[in-house]
Amino acid sequence: MKIAVIGAGPAGMMAAISAAQAGAQVLLLEKNSKLGKKLYITGKGRCNLTNDISPQEFLKNVVSNPKFLYSAINRFTPQDTINFFEQNGCPLKVERGGRVFPLSDRSSDIIKTFEKALKNFGVEIRLNCQVLDIFKPDKFEILCADGSKVIADCVIIACGGKSYPATGSAGDGYILAKKFGHTIIDAVPGLVSISVKEDVSSLQGLSLKNVSLTAEFEGKTVSELFGEMLFTQTGVSGPIVLSTSSRINRLPLDKVKLYIDLKPALDYNKLDERILRDFSKYQNKLFKNALDDLLPKSLIPEIIKRSGIDENQRVNVITKNQRQNLINALKRFELNVESLDGFERAIITCGGVDTKEINPSKLESKLVKGLYFAGEVIDVDAYTGGYNIQIAVSTGYLAGVNAAGGL
C-alpha cells in the first residue's frame with residue numbers, strides 16, 4: 001500500500017512525513033534536483049516559517065477561504081510547527097509581529113530539518129522526477145518524464161502554485177487536478193509590490209514604520225492594514241503593501257486608490273495641535289524648513305506639494321484652512337494603482353483548486369477517492385508574516401494523516 005506525494009515544498013514534505021509517521025509507505029516525487037527549492041528564497045533567505053499566534057487569530061490573517069482551513073490549522077497549529085522544528089534540532093526565534101525564523105537566519109536549516117525527518121520516517125525521495133500525467137483505472141498510475149511509472153493507492157498533490165516560476169512553480173498541480181474534473185479558480189499573483197500612476201521616484205528607498213495603508217475600490221474600503229512599507233522606483237512595497245495586494249488583485253485596478261495615513265496614532269485634532277506646536281517652535285521659519293520634526297526629510301517636498309502651501313511662506317501666517325490641507329496630505333496621502341507585479345516576483349499564488357470540491361476535514365477530493373491536496377495548489381492564501389508556509393505545513397500534515405488512514 002503506497003502513497004505518492006507530488007511536490008517537495010513544505011506542504012509535500014510535511015504530507016510525506018505525517019503519512020509515513022502514521023505507518024504508510026510513502027514516495028515523494030520532486031521535479032527539481034533538490035528539496036524545498038522555493039523555501040531557500042523565502043523571507044529573503046531567512047525563511048519566515050510561521051507566526052506565533054493562536055489558530056483563531058491565525059485565521060483572521062487568511063485572505064481566501066479561511067473557514068476551509070479551520071480543521072487543518074487546528075489539527076496542526078503554529079505551535080505544533082514550532083515544536084516540530086525545535087524537537088528535530090532546528091532552534092527558532094520569534095521576532096516582531098510574531099514572525100518565526102530559524103535562529104541561524106538560514107532557510108537551508110529548515111530544509112535540512114525536513115530532510116532529516118523524511119529520512120527518519122523512511123520516506124523514499126525521488127528527485128528530478130517530473131510528473132507528466134496521472135490516471136486512475138483502479139489504482140493511481142503516475143507517468144514521469146524519465147519514462148518511469150509509479151503505482152499508488154493514494155496521491156497527494158502538493159505542487160504549489162505559479163509564483164516564482166524559476167523555482168519550478170509552473171501550475172503543474174492545476175493540470176493534474178483538472179484531469180480528475182476539478183475546478184481551478186483562476187490564479188493571480190499574490191503578495192506583490194504595487195506600481196502607482198504618480199511619480200514617486202524621488203521617494204525611492206524611503207521606509208515608513210507605524211503607518212496605516214487603506215485600499216479603496218470605488219470609494220469603499222477593501223483593506224486597511226497597519227505596519228511597515230517602503231517606496232520603490234515606481235510605487236510601493238513592504239509588508240502591508242504586499243498584504244494589500246492580495247486584497248485588490250482581482251479588482252479593476254484603475255478604480256483602486258491607496259491612502260497612507262502617516263500619523264495614524266493622531267486624529268485630526270491631535271495632529272493639528274502637534275503641527276501648531278511645531279509652528280510655534282519655528283514661527284519665524286519658512287514652511288519648507290518647519291517640518292523636520294514631523295516628517296522624514298525626503299518626504300517633506302512631496303507633502304508640501306500636496307498641501308498646496310507655498311514652501312516659502314512663513315509658518316506664522318499659515319491659516320487654519322491651510323493647516324487642514326496639510327493634515328489631509330498627512331492623513332490621506334493618495335496613490336492611484338497602476339499595476340501589480342507578476343508571478344515572477346509574487347510570493348504566493350491566489351487561486352487554485354476550488355475548496356468546494358475538497359473535504360476540509362480530510363483534504364480529500366470530493367470527486368475522486370484517494371486523491372488529496374495540500375498547500376498552495378488549493379485556493380487558499382494569507383497575508384505576509386509566515387502565514388502561507390504555515391498553511392502549507394498544516395494542510396500537508398492533515399492530508400498525509402488522512403491519506404494514511406484511508407489506506
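Biologist: Which residue in S19 is the bridge partner of Pro189?
Modeller: That's Thr349. Keep in mind that we're looking at a predicted model.

Biologist: How do S12 and S19 pair, and over how many bridges?
Modeller: They're antiparallel, with five bridges between S19 and strand S12, residues 184-190.

Biologist: Is S19 mostly covered or mostly exposed?
Modeller: Mostly covered: S19 spans residues 348-353, and six of its six residues are buried.

Biologist: OK, new topic. How many residues are in the largest nonpolar core?
Modeller: It has 131 residues. Among those with the most contacts inside it are Ile3, Phe114, Phe231 and Ile260.

Biologist: Which helix gives the largest share of this core?
Modeller: Helix H11, residues 387-405, which puts in eleven residues. Another core, of five residues, lies apart from the 131-residue one. Leu191, Leu242, Ile348 and Cys350 are among its members.

Biologist: Back to Phe231. What does it touch?
Modeller: Leaving out residues up to four places away in sequence, its contacts include Val200, Leu203, Leu208, Val236, Ile260, Phe333 and Leu335.

Biologist: Let's go to the start of the chain. Why is strand S1 called largely enclosed?
Modeller: Because five of the five residues in S1, residues 2-6, are buried.

Biologist: Which way do the residues of S1 point?
Modeller: Lys2, Ala4 and Ile6 point one way, while Ile3 and Val5 point the other way, and all are buried. In a regular strand, side chains alternate between the two faces of the sheet.

Biologist: Which strands does S1 pair with?
Modeller: One is S2, residues 25-29, in the parallel sense over five bridges. There, Ile6 has Leu29 as its bridge partner.

Biologist: What do S1, H1 and S2 make together?
Modeller: A right-handed β-α-β unit, with H1 covering residues 10-21.

Terms used
Residues numbered from 1 in each chain as written. Predicted model: local features only at pLDDT ≥ 70, side-chain atom pairs only at ≥ 80, totals over all residues. Heavy atoms only, no water. Buried < 20%, exposed > 50% of the residue type's maximum accessible area, 1.4 Å probe, protein only. Helix = DSSP H or I, 4+ residues; strand = E, 2+ residues; numbered from the N terminus. Pairing = 2+ DSSP bridges. Core = buried A, V, L, I, M, F, W, Y, C linked by side-chain atoms within 4.5 Å. Contact = heavy atoms within 4.5 Å. Right-handed = clockwise from strand over helix to strand, strands pointing away.
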